[in-house]
Amino acid sequence: MTETVVIAETVKGTVHPSTAELITAAQSLGSQPVVVVPCTDASAAEIAAGFVGSARVVAAKSSVFEHYDAAGWASAIDAVAPAGILVASATPQSKDLAARIAARREISVVQDVTQIEGGNLTSPIYSGKAMQTVALSGDAVVTIRPNVFEAAPTGGNSEVSIVDTTGNMATAVQEFMARASSRLDVAEANIIVSGGRGMGSPDNFVHLEKIADTLGAAVGASRAAVDTWDEIPHSMQVGQTGKTVNPNLYIAVGISGAIQHLAGMRSSKYIVAINKDADAPIFQHADYGIVATWEEALPVLESTLSSMMN
Amino acid sequence: MSNIIVLVKQVPDTNARIVVSGDRVDLSAVKKVMSPYDEFAVETALQHREAVGGEVTAITVGDSGADKVLKDAKAIGVDHIVRIDCSESLDSNALQSILAATVSELGAHAVYCGKSAADTGAGSTGPGLAERLGWASVSNSINVSFGEQLTVVTPSSGGNARLSVPLPAVVSCDKGDMKVRKPNVKGIMQAKKAKVDVRSVDIPASSVTVVAHSMPPAKPAGKSYDGGAAAAEVARLLRDEANVI
Ligand SMILES: Cc1cc2nc3c(=O)[nH]c(=O)nc-3n(C[C@H](O)[C@H](O)[C@H](O)COP(=O)(O)OP(=O)(O)OC[C@H]3O[C@@H](n4cnc5c(N)ncnc54)[C@H](O)[C@@H]3O)c2cc1C
Ligand SMILES: Nc1ncnc2c1ncn2[C@@H]1O[C@H](COP(=O)(O)O)[C@@H](O)[C@H]1O
């Protein structure tokens with residue numbers, strides 16, 4: 001059976017829960033995976049040890065893992081990860097890392113996998129307008145879209161070994177520039193509330209922010225919103241030339257659903273659309289569509305959600 | 001004097017409808033353009049040249065149809081255009097080893113590419129190429145400034161990070177707040193006359209093979225409501241039916 005290795009998804013030094021989804025994906029590609037946890041403090045591996053279904057956990061300990069550097073992380077992980085099919089999360093950082101590790105091992109990388117069947121891997125191509133299914137001959141590095149595979153259960157107790165490793169950092173951080181607001185970035189959020197040109201003015205985004213704060217969500221935008229209003233930065237843009245997001249819930253408000261916007265969000269687990277035009281293409285992709293102006297719908301949504309959350 | 005390389009790829013126009021016939025996508029009727037992020041890579045490469053002097057070479061791996069995107073790059077202002085002749089679809093390993101050999105041969109100081117190609121959406125080429133060359137890399141750059149080394153701004157958890165990046169390096173480019181220049185008449189005339197330097201190389205075997213293309217699974221029709229008051233019902237369904245809040 002093919003050996004599999006999971007590279008744990010870490011955020012600020014802790015193992016992200018989505019790592020449990022990687023274990024499920026790895027199992028469907030071969031054996032029970034070895035889970036490698038890049039960390040500066042080996043106690044980070046405890047969360048990974050709790051996921052049922054791994055063969056064992058390797059806490060790969062190095063000061064290299066303090067700040068992300070593709071070259072440093074790839075060499076430090078390559079040194080301790082066994083050969084086989086490596087599985088990582090399809091987040092921007094881990095896709096970068098996956099490509100680097102694959103190149104280091106002179107094997108191929110398959111990104112953004114959403115389905116594994118009979119050893120074949122399926123991922124979206126042409127921004128989700130078609131799917132591609134590939135077969136592997138030999139080892140590879142595979143990244144898995146978050147929120148697609150079922151998470152392995154918790155409550156396990158895998159054996160953890162601590163291995164010191166090291167790598168050569170190629171870049172150095174001059175400065176971190178924290179976002180002005182404490183709100184999540186669309187690339188990191190599990191719930192996104194996005195506004196489009198239909199919001200009428202950037203000031204009206206405050207209504208989206210209120211809902212986002214109630215839900216612990218990020219605020220996103222269409223390109224028309226970003227291009228029209230200076231107050232809406234490109235970092236908020238979802239779509240072909242913005243960010244690709246896979247949240248559990250995407251709420252699109254005053255967004256028509258152009259193909260380039262869909263490219264960035266159509267794989268969201270649940271989509272809610274609020275638009276005054278019943279024929280807006282976004283409704284074809286919505287699990288819950290509300291034909292109404294945002295002026296009508298948002299106050300209701302906001303008050304219902306805030307009473308539900310309390 | 002710097003020797004700067006920019007990678008450009010020809011892809012279907014992002015407005016194009018993609019059809020699958022049999023079990024392969026059929027692109028015969030589709031208009032092809034330079035992959036959108038590659039436009040930002042070209043702009044960054046030209047800014048690098050303007051800051052430190054040197055020459056920019058645009059490279060594509062593709063068949064003769066891909067000459068068009070090289071000419072587009074030429075019209076915007078790159079100095080040289082190179083096509084590595086290849087009509088097969090390659091896996092990341094094969095593509096990157098071809099690119100690595102060509103970049104080494106040209107002796108570049110910096111390589112710019114798109115953060116991901118509009119067809120693959122992968123974002124593998126920049127970091128993979130850098131690893132093969134033993135270079136530094138930064139992906140998803142939103143701002144680059146040029147000197148002895150590069151200073152690159154890229155998203156990092158909780159905000160952005162400003163990084164010092166030693167040269168040689170590969171930088172994959174996101175849009176950031178960049179405005180790309182458009183070709184002028186002189187550029188377009190020069191591009192018409194420009195000759196593509198076509199190179200043939202041995203194509204390594206791919207270990208990832210395409211089994212089938214298919215249309216995305218159809219989404220079951222959703223629930224639809226009229227009027228803003230329905231937002232209350234939708235909020236409850238998000239909690240009780242979808243379990244997402
Ligand atoms: C190469 C390329 C790349 C692109 N990349 C992106 C990208 O990354 N992301 C992106 O989003 N777009 C992208 N676009 C642009 C895309 O084609 C659309 O132009 C854009 O998504 C439209 O944004 P919108 O839906 O906000 O605006 P519009 O299309 O103007 O839609 C506004 C919507 O708001 C509704 N509305 C109006 N008033 C109200 C109200 N009071 N209440 C409720 N609804 C209301 C209208 O019915 C309409 O449906 C790209 C285009 C190209 C060519
Ligand atoms: N065949 C190719 N020829 C030239 N450049 C390419 C090719 N494939 C990918 N690239 C470059 O690498 C970037 C990322 O591609 P990808 O890794 O496929 O997402 C693209 O935006 C291009 O800049």
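This is a predicted model: local features need pLDDT of at least 70, side-chain atom pairs count only at pLDDT 80 or more; totals for chains, interfaces and linings use all residues.
Local features need pLDDT of at least 70, side-chain atom pairs count only at pLDDT 80 or more, and totals for chains, interfaces and linings use all residues. Residues are numbered from 1 along each chain as its sequence is written, chains are lettered from A and ligands numbered from 1 in the order in which they are written, and side-chain values use heavy atoms, with hydrogens and water left out.

Chain A contains eight helices and 18 strands. Helices (H or I, at least four residues) and strands (E, at least two) are DSSP runs, numbered from the N terminus. The radius of gyration of chain A is 21 Å, close to the 19 Å that the globule rule gives for 310 residues, so chain A is as compact as a globular protein of that length. This radius is taken over C-alpha atoms, and the globule rule is 2.2 Å times the number of residues to the power 0.38. The C-alpha trace of chain A spans about 55 × 45 × 35 Å along its principal axes. Of its 310 residues, 60% count as buried. Buried means under 20% relative accessible area, exposed over 50%, and partly exposed in between (1.4 Å probe, protein chains only). The accessible surface of chain A is about 11,700 Å², and 48% of this belongs to carbon and sulfur atoms. Such areas come from the Shrake-Rupley method with a 1.4 Å probe; for residues, only the protein chains shown count as cover. Among contacts in chain A with a separation of 6 or more, 62% come from residues 24 or more positions apart. Contact means heavy atoms within 4.5 Å.

Seven strands of chain A form an open sheet with parallel pairing, in the order 7-11-6-1-4-5-12. Two strands pair if DSSP finds at least two bridges between them. Strand 7 (108-113) and strand 12 (160-164) stand at the edges, each with a single partner strand, so one side of each has no neighbour in the sheet. Neighbouring strands are turned by 25° against each other on average, direction ignored. Within the sheet, strand 1 (residues 4-7) and strand 4 (residues 34-39) of chain A pair in the parallel sense over three bridges. Here Val5(A) stands opposite Val34(A). Helix 4 (residues 92-104) of chain A packs on the sheet. This helix touches strand 1, strand 6 (85-89), strand 7 and strand 11 (140-144), and its direction makes about 160° with that of strand 7. Axes are lines fitted to C-alpha atoms, for helices over the stretch in contact, and angles run from 0 to 180 degrees between N-to-C directions.

Helix 5 (residues 205-215) of chain A has Phe205(A), Leu208(A), Ile211(A), Ala212(A) and Leu215(A) buried. Seen down the helix axis, the buried residues fall within an arc of 120°, so they line one face of helix 5. The arc is that of the directions from the helix axis to the C-beta atoms. An α-helix has 3.6 residues a turn, so residues three or four places apart point the same way. The buried residues of helix 5 pack against strand 14 (191-195), strand 15 (218-221), helix 6 (223-228), strand 16 (249-253) and helix 8 (294-309) of chain A. Gly216(A) follows helix 5, with a positive phi near 65°.

Strand 18 (residues 288-291) of chain A pairs within its own chain and with chain B. Four bridges join strand 18 to strand 17 (residues 270-275) of chain A, and the two run parallel. Ile274(A) stands opposite Ile290(A) in this pair.

Some backbone details stand out. Most residues other than glycine have a negative phi, and most peptide bonds are trans. Glu106(A) has a positive phi near 55°. This residue lies in the loop between helix 4 and strand 7 of chain A and counts as exposed, at 57% relative accessibility. Asn140(B) also has a positive phi, about 60°. Asn140(B) is in strand 9 (residues 136-141) of chain B and counts as buried, at 17% relative accessibility. A cis peptide bond, with omega about 0°, joins Leu167(B) and Pro168(B).
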